[in-house]
Amino acid sequence: MTAAVLLAAAAFQSVLGPNVRVFSPSDDPAEVQRAVEDVFRRQHHRQFGPERQAFLFLPGDYTAAGTLNVGYYTQILGLGRLPDDVKLANVKTPAALENNNATCNFWVGIENVAIMDSDNNADPYFGFQWAVSQAAPARRLHVARKSFFDWYYGWASGGYVADTLFDKPAGSYSQQQYFYRNNTFGAGVFGINWNQVVVGCSGAEGGDAKDNTGTQLSRCEPIAGKGVRSNWRAGGCSTLVDATAVAREKPFLFAEGDALKVFVPAVRRGAKGVSWGAGKANGGMGDGVTLDLAKDFHVAIEGKDDAKSINAALAAGKNVLFAPGVFHVAEPIKVTRPGTVVLGIGEATIVPENGDAAMVCSDVDGLVIAGLVFDAERASKRFVVLGAKKGAASHAKSPSFLIDLVYRVGGTGKPGKTDVCLEINSNDAVVDHTWIWRADHGEHTGWDANTSRNGIVVNGDRVSCYGLFVEHFQEHDVLWNGEDGTTYFLQNEKCYDPPGNARWMSHGGKKKGYAAYKVADGVKRHYAVGLGVYDVFIHTNGNSVFLDDAIEVPDTPGVVIENACIVELAAGEGPKVGINRIVNGKGFGIRTGKDSGGGYAVQRVFSYGDGKADIADDFYKRGK
């Protein structure tokens with residue numbers, strides 16, 4: 001390794017601040033292992049801690065460092081042009097809870113590295129165990145091992161993988177739901193219990209690909225949505241979408257000599273498979289543009305930068321890279337210039353302290369906002385606003401993308417409150433993976449403590465969501481007012497803590513509870529597929545609570561819901577609780593509680609539109 005590379009590593013670390021560690025292949029493998037493990041030991045059980053960390057790897061072979069464990073608020077990033085430029089032996093995310101339970105493995109990430117092969121891939125011990133639930137995206141990887149998305153078959157609750165090449169089978173025997181986008185599978189996918197959505201991927205049906213019902217993915221048949229196939233009617237839980245209508249991969253850092261660059265991938269339409277590799281533009285990186293970190297970006301550093309300095313940089317025409325840290329902003333971050341890139345690494349977190357918002361974006365073309373956590377520690381109207389108000393401007397040729405954005409209301413030790421987490425007013429915007437979460441555990445949680453009405457409100461037209469995780473809001477978790485919206489995959493747990501239907505009624509007191517997914521009454525065209533809504537009414541102060549409809553949509557020919565399910569998860573010895581119907585009064589309900597005659601159940605609707613529903617048999621009568 002040349003002295004120039006060693007100097008570059010030190011310079012990069014200096015530029016990116018104290019919460020970044022840059023490794024070079026000349027580093028002692030034992031020191032690499034020790035540095036990563038030290039952070040893991042501190043972070044593994046600090047679910048709401050303040051520390052943020054990114055480990056960056058210059059191109060080279062690090063397999064001698066062995067398996068690297070990562071925990072909360074930690075991100076691993078390769079600095080190569082291609083994933084294969086950075087070779088790691090393995091990376092794992094051990095379960096944070098007892099009994100191999102990974103349902104609280106959040107706020108972690110991995111991008112742009114290769115996970116090298118080993119023997120005995122059938123044993124999870126030797127596999128790539130990315131055992132996570134929400135807010136833990138894996139992107140732009142080459143995984144040569146078999147992949148397991150759980151921790152030794154313990155529970156896990158959702159995950160997101162994009163732009164990744166898997167040489168061997170990938171999946172989980174215990175994951176509740178999962179979302180894949182634009183991956184290439186060498187030997188198919190396996191497992192998942194309730195709701196699996198695979199968009200724009202190749203090879204997903206290969207090998208012995210079957211979900212946890214035992215149903216082969218090869219049994220997926222066309223359904224109403226164009227290019228959409230499903231094995232739900234055959235008893236499965238998988239939805240395959242042939243291509244991604246509009247996709248843009250997340251921008252990423254890479255090293256070029258003694259400089260750090262940011263590659264911003266281009267928009268792809270009708271995309272299938274990964275964006276990178278042999279034969280692609282820009283030396284295999286794919287179509288896109290390269291920006292210089294030093295010239296084109298302002299690097300925001302914890303303790304040094306605030307809203308004033310960041311807004312000054314944006315006003316001067318700079319893009320912004322948030323280094324790992326927590327940023328308290330006394331005024332909203334204002335993104336006004338078309339084509340601006342705002343990128344966070346290492347779980348960089350923005351906390352609004354202005355009563356209005358954390359970030360307000362103008363209604364302009366081509367914004368990319370990616371890789372950030374937004375936290376409520378005081379009362380705020382919103383977290384992120386895209387477009388100040390609903391407008392007529394079309395951004396179809398250059399849509400804005402919101403990528404890997406996480407929103408949290410409560411749990412962190414301060415009484416967070418917000419009305420709406422994400423408000424989208426711009427037309428043609430794309431949400432690519434998000435977790436919008438009103439905390440169900442942690443400090444200062446409860447019906448009158450961490451209050452929040454809606455997770456996401458969509459007012460713009462032609463807005464698309466890929467991988468929508470939205471949970472626990474007090475009214476509609478998703479409220480969609482715009483036309484021609486599309487959603488591919490929803491994971492939702494309704495609020496744990498409604499204090500009885502006396503205080504939780506909608507429609508002027510005529511209906512019990514608030515639907516998780518609400519398409520406004522006047523909307524004429526909407527399509528959503530792969531929706532899961534779960535009942536976890538377990539903190540109701542002993543009161544019986546029911547939700548009449550998990551999903552509400554207008555009865556009109558242009559609004560179609562496909563592959564929607566509800567799942568009963570609440571305690572069987574508690575009060576009577578449940579969800580009465582899946583969509584607009586159709587579909588069998590779920591119920592539990594003492595003497596309810598119910599219990600754990602999965603109920604499914606194959607399709608719903610214009611008042612007509614195609615419903616699976618009643619789970620309780622099937623007995624399985």
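**Salt bridges and cavities in the predicted model**

Asp 117 is partly exposed, its relative accessible area being 42% (partly exposed lies between buried, under 20%, and exposed, over 50%, for a 1.4 Å probe and protein chains only). The structure is a predicted model, in which local features need pLDDT of at least 70 and side-chain atom pairs count only at pLDDT 80 or more, while totals for chains, interfaces and linings use all residues. Residues are numbered from 1 along each chain as its sequence is written, and side-chain values use heavy atoms, with hydrogens and water left out.

Asp 117 pairs with Lys 168 in a salt bridge, with 3.2 Å from N to O (a side-chain nitrogen of Lys or Arg within 4 Å of a carboxyl oxygen of Asp or Glu). Asp 117 sits in the loop between β9 (114–115) and β10 (128–129) and Lys 168 in the loop between β15 (165–166) and β16 (170–172), so the bridge ties together parts 51 residues apart in sequence; strands here are DSSP runs (E, at least two residues), numbered from the N terminus. Lys 168 is also partly exposed, at 26% relative accessibility.

A further salt bridge joins Arg 525 and Glu 483, whose closest N and O atoms are 4.0 Å apart. This pair links distant parts of the chain, 42 residues apart: Arg 525 is in the loop between β47 (517–519) and β48 (526–535), and Glu 483 in the loop between β43 (478–480) and β44 (485–493). Arg 525 is partly exposed at 40%, whereas Glu 483 is buried at 17%. The bridge between Asp 521 and Lys 518 (3.1 Å, N to O) brings together an exposed residue, Asp 521 at 58%, and a buried one, Lys 518 at 9%. In total, 36 salt bridges are counted, and a network of them links Glu 111, Arg 139, Arg 181, Glu 249, Lys 250, Arg 268, Asp 404 and Asp 432.

A cavity is a set of points on a 1 Å grid over the protein atoms alone where a 1.4 Å probe fits but cannot get out, and lining residues have an atom within 4 Å of a point; points are joined across faces, edges and corners, and the volume is the space filled by probe spheres set on them. The largest cavity has a volume of about 110 Å³. Its lining comprises 14 residues, with Pro 137, Glu 347, Gly 371, Leu 372 and Asp 404 nearest the centre. The second largest cavity has a volume of about 80 Å³, and Glu 111 and Lys 250 are among its lining residues.

Methods:
On a 1 Å grid over the protein atoms alone, a cavity is a set of points where a 1.4 Å probe fits but cannot get out, and a pocket is an open set with protein on both sides within 12 Å along at least five of seven lines; lining residues have an atom within 4 Å of a point. Helices (H or I, at least four residues) and strands (E, at least two) are DSSP runs, numbered from the N terminus.
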